[in-house]
Amino acid sequence: MHTPRLDALPPADGVWLDIDVTTQRLVVWQGSARHAEYAISSGLAGHGQHEGSGQTPLGWHYVRAAIGEGQPLGCVFRGRRPTGEVYSAALAAEHPKRDWILTRILWLCGLEPGYNRGGDVDSQRRYIYLHGTPPTEPMGVAASHGCIRLRDEALLEVFAAAPPGTPVWLHD
C-alpha cells in the first residue's frame with residue numbers, strides 16, 4: 001500500500017473519493033473524471049476533529065484498511081470482525097440500540113498532522129469508517145456517530161474501486 005502525499009492530492013490519474021458532508025454525497029473520481037456518485041449519511045453531531053465528539057472529521061485521509069472481502073451482504077461487524085450474524089429485521093428487533101456496521105469497512109487514516117492525525121484528533125484512532133448500514137437508516141441526511149454510512153450495494157462498489165492507499169477528501 002502506498003500512503004498518499006498531501007502535496008500530490010488530488011491525484012491527477014488515480015482513484016480518489018470526494019465526500020461532501022453538506023450535500024451528503026460521495027463521488028468516486030478517476031483523476032478529474034467523475035466515475036460514480038452515492039448518497040451517504042455522516043455524523044449527526046456535524047463535523048469536527050476531536051475524539052469522543054461523534055462528529056465526522058474533515059480533511060485529507062486515505063483508506064488504511066479494507067475489511068470484509070468475501071463476507072455476505074449484511075454481514076454484521078463488531079470491533080472490525082464479523083460476528084457471524086447477517087442483518088435482518090428480527091436481529092434489529094433483538095438489538096434496538098446497536099449502531100450497525102454492515103457488509104464492508106473502509107477504515108480511514110488522516111493525512112494532516114494536528115488536524116486529523118495524531119493526538120485527540122486522530123481519525124484512525126477514532127475508528128472512522130465508511131461502512132454499510134441497514135436499509136431502514138436514512139441516506140442523504142446526517143445520522144451517524146461520525147462514520148460515513150452507505151447503502152450496502154453502494155459500499156460494495158466503493159470497496160471495489162477504493163483499495164487501501166486510496167485518498168479520501170472529506171469536506172463541507
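This briefing describes backbone features, the nonpolar core, the cysteines and the salt bridges of one predicted model. Because the model is predicted, local features need pLDDT of at least 70 and side-chain atom pairs count only at pLDDT 80 or more, while totals for chains, interfaces and linings use all residues. Residues are numbered from 1 along each chain as its sequence is written, and side-chain values use heavy atoms, with hydrogens and water left out. Helices (H or I, at least four residues) and strands (E, at least two) are DSSP runs, numbered from the N terminus. Accessibility is given as relative accessible area, with buried meaning under 20%, exposed over 50%, and partly exposed in between (1.4 Å probe, protein chains only).

**Backbone features**

- The peptide bond that leads from L9 to P10 is cis, with omega near -5°, and P10 belongs to the segment before strand 1 (15-20).
- R80 has a positive phi, near 65°, although R80 is a residue other than glycine; R80 sits in the loop between strand 5 (75-78) and strand 6 (81-86), where it counts as partly exposed at 25% relative accessibility.
- Y127 likewise has a positive phi in a residue other than glycine, with a value near 60°; Y127 is found in the loop between strand 7 (102-110) and strand 8 (129-132) and is partly exposed, its relative accessible area being 40%.

**Nonpolar core and its surroundings**

- A nonpolar core is a set of buried Ala, Val, Leu, Ile, Met, Phe, Trp, Tyr and Cys residues joined through side-chain atoms within 4.5 Å. The largest such core has 23 residues, of which L17, I19, L26, Y38, L130, L150 and V158 touch the most other members.
- At least two residues of this core come from each of strand 1, strand 2 (25-30), strand 3 (33-39), strand 7, strand 9, helix 2 (152-161) and strand 10 (167-171), and helix 2 gives the most, with 4 residues.
- In soluble globular proteins, nonpolar side chains tend to be buried together.
- Contact here means heavy atoms within 4.5 Å. Leaving aside residues up to four places away in sequence, L130 touches L17, I19, L26, R104, I105, L106, L108, I148, L150, L155 and V158.
- T133 lies in the loop between strand 8 and strand 9 (148-150) and is buried, at 2% relative accessibility. With residues up to four places away in sequence again not counted, the contacts of T133 are L102, M139, R149, L150, R151 and D152.

**Cysteines**

- When a disulfide is taken as a pair of cysteine sulfur atoms within 2.5 Å, the count comes to 0 disulfides.
- C109 is in no disulfide, and the nearest cysteine sulfur, belonging to C147, is 14 Å away; C109 is buried, with a relative accessible area of 3%.
- C147 is also in no disulfide, the nearest cysteine sulfur being that of C109, and C147 counts as buried at 11% relative accessibility.

**Salt bridges**

- A salt bridge is a side-chain nitrogen of Lys or Arg within 4 Å of a carboxyl oxygen of Asp or Glu, and a search of the whole structure finds 6 salt bridges.
- One of them joins the side chains of R25 and E37, with an N to O distance of 2.9 Å. This pair links distant parts of the chain, since R25 is in strand 2 and E37 in strand 3, 12 residues apart.
- Both ends of that pair are partly exposed, R25 with a relative accessible area of 30% and E37 at 36% relative accessibility.
- D99 forms a salt bridge with R149, and their closest N and O atoms are 3.0 Å apart. This pair too links distant parts of the chain, with D99 in the loop between helix 1 (89-94) and strand 7, and R149 in strand 9, 50 residues apart.
- D99 is partly exposed, with a relative accessible area of 27%, whereas R149 is buried, with a relative accessible area of 5%.
- Salt bridges that share partners join R25, R34 and E37 into one network, in which R34 forms a salt bridge with E37, the closest N and O atoms being 2.5 Å apart.
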